[in-house]
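Please look over the chain below, first as a whole and then at one of its residues.

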Amino acid sequence: MNKNRIFLSPPEMGGNEQNYIKQVFESNYIAPLGAFVDRFEESIKSYTQCSHALALSSGTAALHLALRVTGVRAGDIVLASSFTFIGSVAAILYQKAEPVFIDSDNSWNLSPLLLKKALTMLKKPPKALILTHLYGQCAQLQEIIEICRNENIILIEDAAESLGAFYHNKSSGTFGDFGVFSFNGNKIITTSGGGMLLSPYKDFIEQARFLSTQAKEPFIHYEHNTYGYNYRLSNILAAIGVGQMEVLEQRVLKRRQIFEWYAQELEGCHIEFMPELPNTRGNRWLSTIKLPAHINPKTVVELFEKHNIETRPLWKPMHLQPLFTDTQKVIDGTSEELFLHGLCLPSGGAMNKEQVCFVADILKDIIRKS
Ligand SMILES: *Cc1c(COP(=O)(O)O)cnc(C)c1O
């Protein structure tokens, strides 16, 4: 990777990963499954205090298995945050179910009010809700859980961006019937690619484990009553994950520090930051801002590019994607507004204060000249 470039969220190894990979090579378990897969699952269970976890090849795969295990099938309605990344909702299409997108509120995450409104408008009861904890900040879980309980909706937390975030002192991803983490290269910790499915329900995780390894029935010959997937995480990548889990807490504290530096440096610039709900600790995976209304984030991205700095607009909401023009939605313009004015700032854990100030100074300059 280009040494001088300031990336949005590059991988950052903790130090023990290569040693663990070496151990995998020495054992010759260059396979999906092996001791490090178990260790990685254990470390996630111990960090989150969730009783069951399954290491997978991606967060998207984990979301897919959650829907499959839940029995979501063709024609079922699955509610989802509109303001999210495509990986959050693609699995709804894999299952040939119908997504219905819900807008955000001033928390930037899913609006419980619009969720309630959606329930009054649907032609049949939804099976599940995929709730994203955007940019590592917890959504309004208490309100949303209550709605899901009352309406019998399976709650799947898309915690792909929020490993290390806590809501009322409990880990994100452990509130729903399922929680999903991603270890893609840009996330707060990474295995270069990977995911984890969590659930308080042993049966669900056992079923997902079965489906993730081609749904092989327990015979010595190969017998299949249903079809599965090849979704398991390799032992090599799990070794990286074990090393990364050792530094997770450090990474969260550092990203929160980076956010604080930005907040100090950009005070008085008419910039809004993504809020953090009371009684929660986000991981500040990315420091995200809403720019003053007259500034176009795309221009800002280009100007930063001239300084070899990577920035990005906020996620383009799902209901604005050409793929979903005919999809039902319950929106009030909040996420569109954030998309039109929002920006993700470089937030990699290896950034020092000097680099953060450098980025902030460029932004201040852009704002002054606009
Ligand atoms: C990264 C991400 C995913 C997908 O995870 P992969 O491991 O890349 O498949 C899903 N949802 C959100 C919100 C994400 O940011």
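How much accessible surface does the chain have, and what share of it belongs to carbon and sulfur atoms? The accessible surface comes to about 16,200 Å², and 51% of it belongs to carbon and sulfur atoms; such areas come from the Shrake-Rupley method with a 1.4 Å probe, and for residues only the protein chains shown count as cover.

This is a predicted model, in which local features need pLDDT of at least 70, side-chain atom pairs count only at pLDDT 80 or more, and totals for chains, interfaces and linings use all residues. Residues are numbered from 1 along each chain as its sequence is written, and side-chain values use heavy atoms, with hydrogens and water left out.

The chain has 12 helices and 15 strands (DSSP runs, H or I of at least four residues for helices and E of at least two for strands, numbered from the N terminus). Its C-alpha atoms fill a box of roughly 70 × 55 × 35 Å along the principal axes. Of the 370 residues, 58% are buried, meaning under 20% relative accessible area with a 1.4 Å probe, protein chains only.

Now turn to S9, in the segment before α1 (17–27). S9 is buried, with a relative accessible area of 7%. Leaving aside residues up to four places away in sequence, S9 touches G185, N186, K187, R255, W285, L286 and G348 (contact means heavy atoms within 4.5 Å). For N186, the backbone oxygen lies 2.6 Å from a polar atom of the S9 side chain.

Note on methods
Buried < 20%, exposed > 50% of the residue type's maximum accessible area, 1.4 Å probe, protein only. Polar contact = N/O pair within 3.5 Å; in protein donor to acceptor, adjacent residues only side chain to side chain.
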